[in-house]
Amino acid sequence: MLLLCYILFKMKKHIIILSILLSQLTSCSAQKSLSTYFDNKIQQAYSEHWVAGVRGGGSGTSFTIEFNKMLPEDIALVQVYFLNNKAKITKITETRYQASITGQANWERKEMPETDGQPKVTIVESPIKIEDNEAVLEYTHKGVKKYYKISPVKEKEPLYYPSVRPRN
């Protein structure tokens, strides 16, 4: 009987160790693939808030990434996570890309999704924890989805567009 208790105790110890190892392995595979290195050096990344000068013209944030050189063909930029939002990335030039994030200010009431008379604010959580002056770039490299943390993101002065052209 003592021998049986000893064997069960040893097996229980191995089962516990095995379950801990398995839980660690599954949590590692559930994490997002964060790249610590991006093939092209980012020359600068900045955001610029804007507000239209006419009532109902809207507002938003332009997020811009400029690279030192053209991206290789096997890298495709997908979207960026910034300030609790995500936006698709558009190629502007060979080395400059931009994402447009719609703001909550200066929209016509009929264009804003509402809940109980208040504009509906959708918060998008980044796949990787970031601060307000950081962004996460989602891209594919040879077909594999990856993420790269951009830090810091510089904030330019906001653009307040005039409602009419100034007279000379």
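In strand 9, F82 has A135 as its bridge partner, and that pairing is a handy way into this predicted model.

**Strand 4 and its partners**

- Strand 4 and strand 9 (residues 135-141) run antiparallel and are joined by 7 bridges.
- Strand 4 also pairs with strand 5 (residues 85-91), again in the antiparallel sense, over 4 bridges.
- F82 takes part here too, with N85 as its bridge partner in strand 5.
- Strands 4 and 5 form a hairpin with 2 residues between the strands, and in this hairpin L83 takes a positive phi near 50°.

**A closer look at Q79**

- Q79 is found in strand 4.
- With a relative accessible area of 7%, Q79 counts as buried because the cut-off is under 20%.
- The side chains of Q79 and Y81 make a polar contact at 3.1 Å.
- Setting aside neighbours within four places in sequence, Q79 is in contact with K86, A87, K88 and I89, as well as V136, L137 and E138.

**Aromatic pairs**

- How many aromatic pairs does the count come to? There are 2.
- In the pair of F63 and F82, the ring centres are 5.1 Å apart and the planes are at 50°, so this pair is tilted.
- Are F63 and F82 buried or exposed? Both are buried.
- In the pair of F67 and Y97, the ring centres are 5.8 Å apart and the planes are at 80°; this pair is edge-to-face because planes over 60 degrees apart count that way.
- F67 lies in strand 3 and Y97 in strand 6 (residues 96-102), so this pair ties together parts that are 30 residues apart in sequence.
- F67 is buried, with a relative accessible area of 1%, and Y97 is buried as well, at 8%.

**A lysine over a ring**

- Which residue lies over the face of Y46? It is K156, at 4.0 Å from the ring centre.

How values were computed
Residues are numbered from 1 along each chain as its sequence is written. This is a predicted model: local features need pLDDT of at least 70, side-chain atom pairs count only at pLDDT 80 or more; totals for chains, interfaces and linings use all residues. Side-chain values use heavy atoms; hydrogens and water are left out. Rings of Phe, Tyr and Trp (its six-membered ring) pair if their centres lie within 6.5 Å; planes under 30 degrees apart count as stacked, over 60 as edge-to-face and the rest as tilted. Buried means under 20% relative accessible area, exposed over 50%, partly exposed in between (1.4 Å probe, protein chains only). A charge sits over a ring if NZ of Lys or CZ of Arg is within 6 Å of the ring centre and within 35 degrees of the ring normal. Two strands pair if DSSP finds at least two bridges between them. A polar contact is a pair of N or O atoms within 3.5 Å; within protein, one must be able to donate a hydrogen and the other to accept it, and residues adjacent in sequence count only if both atoms are side-chain atoms. Contact means heavy atoms within 4.5 Å.
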